[in-house]
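Subject: Structure handover and findings

Hello,

Here is the structure I promised to pass on. Please open it alongside this message, then read the notes below.

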Amino acid sequence: MDFLMLLPHRVRVVIECDGVQHYADDQVLANNRRYANPRLYAEMMAEDRELRLAGYEVYRFGGAELADGPATARRLDAFFDRLAARYAG
């Protein structure tokens, strides 16, 4: 869990920021790439299910979504505006 937001009325929101280490093998190949590992991905999804069953809302951002400058700020502003609107009032 990267971030936990505790909102009114016992709403618990988990924010996950997933880099390649969350779903790919550690080995870097000759072409400087890492390849997806189905086992790691399945572990990440199982963790999500456990959090949801425990009453948390889980929102994931891919690492690339958070690394593109001005678009990142707009994307995060829009997300948090929508999240706030969902729980307003």
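A residue counts as exposed when its relative accessible area is over 50%, and as buried when that area is under 20%. Keep those two cut-offs in mind for what follows. One caution as well: this is a predicted model.

**The turn**

I start with histidine 9. Its relative accessibility is 72%, which is over 50%, so histidine 9 counts as exposed. Histidine 9 sits in the loop between strand 1 and strand 2. Those two strands form a hairpin, with three residues between them. Phi of histidine 9 is positive, near 65 degrees, and the residue is not a glycine. Arginine 10 lies in that loop between strand 1 and strand 2 too. Arginine 10 has a positive phi of about 65 degrees, again without being a glycine. Most residues other than glycine have a negative phi. At 76% relative accessibility, arginine 10 counts as exposed.

**Overall layout**

The protein has two helices and three strands. Along the sequence they follow the pattern β-β-α-β-α. Of its 89 residues, 22% count as buried. Take the contacts between residues at least 6 apart in sequence: 41% of them join residues at least 24 apart.

The three strands make an open sheet in the order 1-2-3, with mixed pairing. Which strands stand at the edges? They are strand 1 (3-7) and strand 3. Each has a single partner strand, so one side of each has no neighbour in the sheet. From one strand to the next, the twist averages 20 degrees.

Strand 1 and strand 2 run antiparallel and are joined by five bridges. Within that pairing, leucine 7 stands opposite valine 11 of strand 2. Methionine 5 has valine 13 of strand 2 as its bridge partner.

Both helices meet the sheet. Helix 1 (residues 38-53) packs on it and touches strand 2 and strand 3. The direction of helix 1 makes about 150 degrees with that of strand 3. Helix 2 lies across strand 1, strand 2 and strand 3. Helix 2 runs at about 170 degrees to strand 3.

In soluble globular proteins, nonpolar side chains tend to be buried together. Here the largest nonpolar core has seven residues: Val11, Val13, Ile15, Tyr59, Phe61, Phe79 and Leu83. Strand 2 gives the most, with three residues.

Valine 13 is worth a look. Leaving aside neighbours within four places in sequence, valine 13 is in contact with Phe3, Leu4, Met5, Leu7, Glu57, Tyr59 and Leu83.

**The aromatics**

How many aromatic pairs does the structure hold? There are three. In one, the rings of tyrosine 59 and phenylalanine 79 have their centres 5.2 Å apart. Their planes stand at 65 degrees, so the pair is edge-to-face. Tyrosine 59 belongs to strand 3 and phenylalanine 79 to helix 2, so the pair ties together parts that are 20 residues apart in sequence.

Phenylalanine 79 also pairs with phenylalanine 80. Those ring centres are 4.9 Å apart and the planes are at 75 degrees, so this pair is edge-to-face. Are the two residues buried or exposed? Phenylalanine 79 counts as buried, because its relative accessibility is 15%. Phenylalanine 80 is partly exposed, with a relative accessible area of 33%. Tyr59, Phe61, Phe79 and Phe80 form one aromatic cluster.

The charged end of arginine 12 sits over the ring of tyrosine 56, 4.1 Å from its centre.

**One more residue in helix 2**

Threonine 72 has its place in helix 2. With 9% relative accessibility, threonine 72 counts as buried. Not counting residues up to four places away in sequence, threonine 72 touches Glu65, Leu66 and Ala67.

Best wishes

Methods: Residues are numbered from 1 along each chain as its sequence is written. This is a predicted model: local features need pLDDT of at least 70, side-chain atom pairs count only at pLDDT 80 or more; totals for chains, interfaces and linings use all residues. Side-chain values use heavy atoms; hydrogens and water are left out. A nonpolar core is a set of buried Ala, Val, Leu, Ile, Met, Phe, Trp, Tyr and Cys residues joined through side-chain atoms within 4.5 Å. Buried means under 20% relative accessible area, exposed over 50%, partly exposed in between (1.4 Å probe, protein chains only). Helices (H or I, at least four residues) and strands (E, at least two) are DSSP runs, numbered from the N terminus. Contact means heavy atoms within 4.5 Å. Two strands pair if DSSP finds at least two bridges between them. Axes are lines fitted to C-alpha atoms, for helices over the stretch in contact, and angles run from 0 to 180 degrees between N-to-C directions. Rings of Phe, Tyr and Trp (its six-membered ring) pair if their centres lie within 6.5 Å; planes under 30 degrees apart count as stacked, over 60 as edge-to-face and the rest as tilted. A charge sits over a ring if NZ of Lys or CZ of Arg is within 6 Å of the ring centre and within 35 degrees of the ring normal.
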